[in-house]
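Colleague: I am new to this one. Could you take me through how its features get their names?
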Amino acid sequence: MAILDQILQIGFFAAMIRLAVPLLLGTLGEMFSERAGILNLGIEGIITLSAIAGFLVAYQTGNLWLAVLASALVGMVLGLVTGVLVVTLGLDQTVAGLGMTITCTGLAYFIYKLVFGAGGTPPSIEPFKTIALPFLSDIPFVGPVLFDQYALSYLAFILVPLTAFYLRHTPGGLSLRTAGENPLTAASAGVSVAKTRYKALMISGALMGLAGAFLNLAVFNSFSLGLVAGRGWICLALVVLGRWRPLPCALAALLFGGVEALQLRLQSSGFIDIPYPVFLMMPFLITLIAMMMVSRRVHAPAALLKPFHKEER
Amino acid sequence: MRFSLEPRVSAPIWLNLALPVAAVAASMILCGGLIALAGANPVSAYAIMLKSALGGRNQIAETLVKAAPMILTGLAAVVAFRAKFWNIGAEGQLLAGAMAAVFIGTQPGLPTWSLVPLMLLASIAAGALCAAVPALLKQELKVDETICTLLLNFIILYAMMALLSGPWKDPVSGWADSPNIRMDAEFPILLHRTRLHLGILLAAVAAAAVWILFKKTTLGFGIDAVGENPRAAMHAGLNVKRLILVAAMTSGALAGLAGAGEVGGVQYQVLASISQGYGYSGLVVATLARLHPAGVIPAAVFLAAITVGADEMSRQTGVPVYLADVIQGIALLCMLIALIFIRYRVRIRVRAAA
Amino acid sequence: MADQPPLLEMLGIDKRFGDVAANRQVDLTLRRGEVLGLLGENGAGKTTLMNILYGLYQADAGTIRVEGRTANIESPFDAIAAGIGMVHQHAEVVLRHTVIENLMTGKPAWRLMLDRRGVGKRLGEIGELYGLALDPNRLVADLSVGERQRLEIIHALLSDARILVLDEPTAVLTPQQAEGLFKAIRALTASGVGVIFISHKLNEIRAITSRVVVMRHGRVVAELANDGNLSNASLAQLMCGHELTPLPKAERKPGAALLRARDIVLRGVSSHAAAAPIDLSLHAGEIVGLAGVSGNGQAQLAETLAGVLQPAQGQITVLDQIIRHPTPRKLQDLGLAYLPEDRQGAGLIMSLSLVDSMILPRIHQSPFSRAGWIDRRKARDWVRSQIKRYDIRPDNPDMRTSLFSGGNQQKAIVARALFFAPRILIIAYPTRGLDVSATEFVYRELLNLRERGCAILVVSDDLEEIFTLSDRIAVMYESKIVLDVETSEATVAKVGLAMAGDYRSNDQPRNIKAPRDLGSARPAS
């Protein structure tokens, strides 16, 4: 079983976690807005545009953390724009979200071409290096898999319990959940549904920004036009698979990080002689199959996709 | 000061026509900033776009060639969205239609007269089938169709690429593109010495058919009713599941037809870049058209002109060609905002501070 | 006392929705420790006024003063801060959250963490003080309607509300539950809280209030002290503007059974209810009134008989023909017409034109279509004729359905159901939202249909309506028919008690098949 040997290596698990991080950040981001009742279909475009923003800052300044900040900020601003469209103006969330994706993706490519032109080798940066945590990284097997990761990865995984705590135990989290379940209850209790949803969308955008930053400041060392390649759409599905809860969402992201790592391994191993696009298809196909298995048993937030206007009759 | 929206009983006709134009204009003005950012003069850049998209017989023909698939994917979105079935999968359904068309078009045994009709039928069937999948998954397994169709776009794209780099790989060049269809399977050219082919006629006929569907038939009425209020439709005795399935398959069929047009009239083969995002443009077209089949044609011609014009403009001024995508995206958002003004009157009240 | 300002004053409130004036120069005063009855027909502007008080709507003009100070209420947050609490007609709670999570919603956000313990303690205190106990950790989805309402009252009290608005709080309660609510209201007023009690149930208004304000067409038309001399008749006259006249009814000539439901168990009911399956038959030339407190399965039974819901068990026979897998379409084709309870959600299509909404259930029939092709001219002509007949306003068949007022929408949907002179008519809450003259018109139409041999099932929670129309009365409680009697043998008391689940004191109802189950059917008090 040479394939199994190939798979069950430290390198595979490290790759799985590395590839899971952008999915995790994107999924948490999407979960935030959906728990507040807003489907953020701009995710694919928001990740792309914030990725190019971070890349530009890294390329110009060489400061990676400044780049991360830029990505998060751009994501947050895009969340705000989405808020204007779907919260204040109450536009259809599906179409407006796709509009955001079309606009942001186009804008990202436009900026990339504008700055770097068409020709030659793609510009690259010095990416993040992994940080081996003292002592912990010396644990056999587990150490190099879990505790020799990027700073952003640690941050992403710390965000999971923080998010869970925020949603469950803080007034802000309760308001957010109420706005997503029954906005009228929230409004009657004196919570501003609009403000709550704006807040959720901005957090959502910032997390998607971090996902974009991670993609080209850690996973890849350059921006390319196919950088995001449908990962945003997979995040949408992962939110469903994770039943809109932070911990299961994180598990789902890890699982699909594994699928992607596996796909890359199989592709490069040459053990199986099938055209490479079949491997690229794997994550999408498995996501769809997983959706088929769980969709009957999960319930979206009750007010998802429903705009809220106080004076509607 | 506070704004309030009051529902309108009816919007004046001029407003219905002016708003899409206003949305497009707003989008182009906003994108003028991008052109300036790229170091070009927005006015002259738009002038180049206009000239290279509509400035002559050849240019107009080129624009119409691009408009044909956009009309069809736009109609696909119209049919699906009127049933509130969020088929974002026109891209994948178009690819499926293209593959089906190549499959038929490369069969050596078929008589010439049957080739084009069979290609069209095959692409319609392939597109409809690909759209039936998310509809059935939604009805039987409650899979969200938005996510499902988005995922299917990638699945179909990679399946096609696998086909291109495997069984269909060109044995001579080694390129990832399919064999060419037979010469006698190529669509007739409508205008001598241009690329304007049968596809634009097909698209126009399809638009007329969809218009009749919604205006005159109980099926179209049912699709509208299901889209606007599925519970009322169900209580009134309409078969909601079947209507959604029919709407989804009709939508997929239209997108599949677009694929046949690209194969039969433009590329004569399948290659990875055959779609150029026509599926997603269809969403913009449908929104600009306010989900009205008659509006789809001008909306698609406009987007096609932007696309064709942006190519030439980019060559001449160095402004990245992706400007066309940004214009599309912003036009979509502006149109959504503009729709508010059709349904509501905006009232501004000035309130004295307490 | 005299120079103490009243608890609440609303002065000169104006509110328009588009062309409709919902409130016109409304003045309202509430004093400490009193229950103010706010009385009016549907659409009289009561709820609008209260939504303005609670900051959900903004008034176009007028001032609100709380304890003499002008309160600028722009959102519920301001209202809560001013000491105003609101209990909606349908409890606005989050079903998937627990009781305590619902209560903590909107608590000051400056706290880092939710104060589960503190709120839980106060919940216990309020429970003791006013007799409003609730388990903090129960999921709201598992609570009964009455308990959900209690949750909303507690929520208001937790925010130290001194002004409590109850919007038709008894509409969803049994008489016993309502009595519990009244007890709590008395305890509240004794502690100085002022209560605004909205209702159109005259008996309740007379029982609980100390003062009554009557609204009609957006205006206050009367303000009366409840000194024990108020009569239902005088209040009704103030509310409606003219005297109620009883309807003449022809001798009943029941014919063959047109629709029979045998051994029906509704989908999704408890095994307890499943032990007593439903038998019901509708005869030609007969009106059967199906009464019950809303939420006891009447709507589901109506939907099942109309083919919308599949029964979990049992058989439906129409015109001696057993219907396997009933669908609305199959039953329509056999001459059944159906008017669903929720006219906006399940009846009309708000975003389409009135024409489209009205032809919806008959779209596959002549004259509206032939072989799949719609004849829009005939459809519009027919709708115009109905607009005239029912005086639907405005008389524009192409206007979006949502732009018609609730009463006019009701007229349209009733016209739609009655026109096709069906053999069988199932009609839920036929006069909800209609004014008096329109109600009388609909009653006369229903009786006309009865004359012509139609079998009619009227679902309603309005006993007056049930008694006015019905030849036979059936009462549902917990998804079972617990009483099925001729109207001549029924009394309001008997029907009312059966609605509350107390049917044992009656003669053995003929539809109960499993008497051993009856003992457990008493409502929890």
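Modeller: Start with a definition: axes are lines fitted to C-alpha atoms, for helices over the stretch in contact, and angles run from 0 to 180 degrees between N-to-C directions. Keep in mind that this is a predicted model. Now take helix H8 (residues 171–181) of chain A and helix H10 of chain A: their axes come within 9 Å and cross at roughly 105 degrees.

Colleague: Why is H8(A) called roughly perpendicular to H10(A)?

Modeller: Angles of 65 to 115 degrees count as roughly perpendicular. The crossing is roughly 105 degrees. Therefore H8(A) is roughly perpendicular to H10(A).

Colleague: Which residues in H8(A) meet H10(A)?

Modeller: Gly172(A), Ser175(A), Leu176(A) and Ala179(A) do. Their partners in H10(A) are Val193(A), Thr196(A), Arg197(A), Lys199(A) and Ala200(A). By class, this contact has 4 nonpolar, 3 polar and 2 charged residues.

Colleague: What makes H2(A) roughly antiparallel to H10(A)?

Modeller: Again, the angle. Helix H2 (residues 10–35) and helix H10 (residues 193–219) of chain A cross at roughly 170 degrees, with axes that come within 7 Å. Angles over 145 degrees count as roughly antiparallel. So H2(A) is roughly antiparallel to H10(A).

Colleague: What makes the charged end of Arg82(B) sit over the ring of Phe214(B)?

Modeller: The rule asks for CZ of Arg within 6 Å of the ring centre and within 35 degrees of the ring normal. The charged end of Arg82(B) is 4.0 Å from the centre of the Phe214(B) ring, and it is listed as sitting over that ring.

Colleague: Which residues in chain A do ring pairs link into a cluster?

Modeller: Phe55(A), Tyr59(A), Tyr112(A), Phe116(A) and Phe223(A). Rings pair if their centres lie within 6.5 Å. Over all chains, that rule gives 18 aromatic pairs.

Colleague: What is the peptide bond from Ser366(C) to Pro367(C)?

Modeller: It is cis, with omega near 10 degrees. Pro367(C) lies in the loop between helix H13 (354–359) and strand E17 (369–370) of chain C. The bond from Arg393(C) to Pro394(C) is also cis, with omega near -10 degrees. Pro394(C) is in the loop between helix H14 (376–390) and helix H15 (406–419) of chain C.

Colleague: Where is Ala229(A) found?

Modeller: In the loop between H10 and H11 of chain A. Ala229(A) has a positive phi of about 45 degrees, although it is not a glycine.

Colleague: How do you know where in chain C the confidence is lowest?

Modeller: By comparing the mean pLDDT of its elements. Helix H9 (residues 271–274) of chain C is lowest, at a mean of 62, and strand E20 (residues 455–459) is highest, at 95. Chain C averages 84. Over residues 505–525 of chain C, pLDDT stays under 50. Where pLDDT is low, the predicted coordinates should not be read in detail.

Colleague: What does chain A average?

Modeller: A pLDDT of 91, with 96% of the residues at 70 or above. The model as a whole scores ipTM 0.93 and pTM 0.89.

Terms used: Residues numbered from 1 in each chain as written. Chains lettered and ligands numbered in written order. Predicted model: local features only at pLDDT ≥ 70, side-chain atom pairs only at ≥ 80, totals over all residues. Heavy atoms only, no water. Helix = DSSP H or I, 4+ residues; strand = E, 2+ residues; numbered from the N terminus. Parallel < 35°, antiparallel > 145°, perpendicular 65-115°, else oblique. Phe/Tyr/Trp six-rings, centres within 6.5 Å; stacked < 30°, edge-to-face > 60°. pLDDT = per-residue confidence, 0-100. Contact = heavy atoms within 4.5 Å. Nonpolar A, V, L, I, M, F, W, Y, C, P; charged D, E, K, R; others polar.
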